[in-house]
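Reader: I have just opened this one and would like someone to walk me through it. Could you start with the overall picture and then go into the details?

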Amino acid sequence: MEDSVLPRILVVEDEASLARSLQLELNHEGYHVETAQNGYEALGRISEDRWDLLILDLMLPGIDGFEVCRRIREHTDVSIIMLTARDNTLDKVKGFEIGADDYVTKPFVMEELLARIRARLRRPPVARQEGNKLVIRDLVIRQDTRQVARDGRPISLTRREFDLLVYLAENAGLVLSREAILTHVWGYDFYGNTNVVDVYVRYLRAKIDEPFSTQLLHTVRGVGYTLREEK
Ligand code: CA
């Protein structure tokens with residue numbers, strides 16, 4: 001696998017030896033891993049790069065893990081596993097309240113952390129191409145006849161809605177910015193603002209998601225939209 005497609009994990013841990021051993025273990029598991037030693041460094045690394053998962057120590061010099069988590073959550077929904085030295089229920093509750101996805105108490109067994117990382121990173125299969133059909137979960141898109149069905153029920157889409165859905169499905173699992181969507185679906189010569197994307201996503205969502213129990217079209221706050229099986 002190319003390095004660029006490896007899941008990217010940022011380890012935020014001030015204990016250098018633990019950070020180093022985590023990096024080695026996770027590299028060995030096939031992840032691209034980088035480390036940050038404190039909260040400020042972590043916030044910088046998070047704003048300048050794309051990450052699939054953060055391992056965030058609670059006790060950090062400067063700003064602590066809670067504060068880092070709270071600030072991150074203002075602009076990204078990256079998976080966050082917090083590490084704490086204390087088996088403290090209040091810490092866990094607070095961690096979840098401010099948006100941590102999971103929690104591991106130190107000292108931990110590496111296998112436990114790895115299992116939690118795998119669970120967080122388990123990517124749903126992206127859209128499958130089956131002949132002329134694009135399939136994601138129970139959603140079937142026929143590119144040749146421009147027909148769409150979900151759970152066996154035909155869904156009527158306008159031309160623009162269909163083009164938007166195909167672009168999202170062809171890039172299923174990736175987060176697409178409004179600008180990218182505008183360029184690909186409306187074209188380079190479209191003079192308008194990206195609000196039109198939000199409007200059409202709403203139209204599309206009302207047809208392909210709202211009548212069904214599982215949501216496929218997700219909003220990634222501050223970034224854009226993605227079509228995938230899980231949040
Ligand atoms: Ca620490």
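Predicted model: local features only at pLDDT ≥ 70, side-chain atom pairs only at ≥ 80, totals over all residues.

Reader: Ok, how many helices and strands does the protein have?

Author: The protein has eight helices and 13 strands, where helices (H or I, at least four residues) and strands (E, at least two) are DSSP runs, numbered from the N terminus. The C-alpha trace spans about 60 × 35 × 35 Å along its principal axes.

Reader: What does the domain assignment give?

Author: It gives domain 1 (3-121) and domain 2 (128-227), with bounds that come from an automatic or database domain assignment. Taken over C-alpha atoms, the centres of domain 1 and domain 2 are separated by 32 Å.

Reader: And how much of the protein counts as buried?

Author: Of its 231 residues, 46% count as buried; buried means under 20% relative accessible area, exposed over 50%, and partly exposed in between, with a 1.4 Å probe and protein chains only. The protein exposes about 12200 Å², of which carbon and sulfur atoms supply 49%, and such areas come from the Shrake-Rupley method with a 1.4 Å probe, where for residues only the protein chains shown count as cover.

Reader: What share of the contacts joins residues 24 or more positions apart?

Author: Among contacts with a separation of 6 or more, residues 24 or more positions apart account for 54%, and contact here means heavy atoms within 4.5 Å.

Reader: Now the metal. Which residues are the protein donors of the calcium ion?

Author: The protein donors are D14 (OD), D57 (OD) and M59 (O), which lie 2.0 to 2.3 Å from the calcium ion. Donors are N, O and S atoms within 2.8 Å of the metal (3.2 Å for Na, K and Ca), and water is not among the atoms, so sites may look incomplete.

Reader: Where do D14 and D57 lie?

Author: D14 lies in the loop between β1 (8-12) and α1 (16-28), whereas D57 lies in strand β3 (residues 53-57), so the pair ties together parts that are 43 residues apart in sequence. Along the chain, the donors follow the spacing D-x42-D-x1-M.

Reader: Is D57 buried or exposed?

Author: D57 counts as buried, at 2% relative accessibility, while D14 is partly exposed, with a relative accessible area of 33%.

Reader: Which residues does Q23 touch?

Author: Not counting residues up to four places away in sequence, Q23 touches V33, E34 and T35. Q23 is found in helix α1 and is buried, with a relative accessible area of 16%. S21 also has its place in helix α1, but S21 counts as partly exposed at 30% relative accessibility.

Reader: Now the backbone. Where is the cis peptide bond?

Author: The cis peptide bond joins K106 and P107, with omega about -5°, and P107 is found in the loop between β5 (102-105) and α5 (110-121).

Reader: What about R137, what is its phi?

Author: R137 has a positive phi of about 55° although it is not a glycine. R137 has its place in the loop between β7 (133-136) and β8 (139-142), and is partly exposed, with a relative accessible area of 42%.

Reader: And where is D151 found?

Author: D151 is found in the loop between β9 (147-150) and β10 (153-155). D151 has a positive phi of about 55° although it is not a glycine, and with a relative accessible area of 51%, D151 is exposed.

Notes: Residues numbered from 1 in each chain as written. Heavy atoms only, no water.
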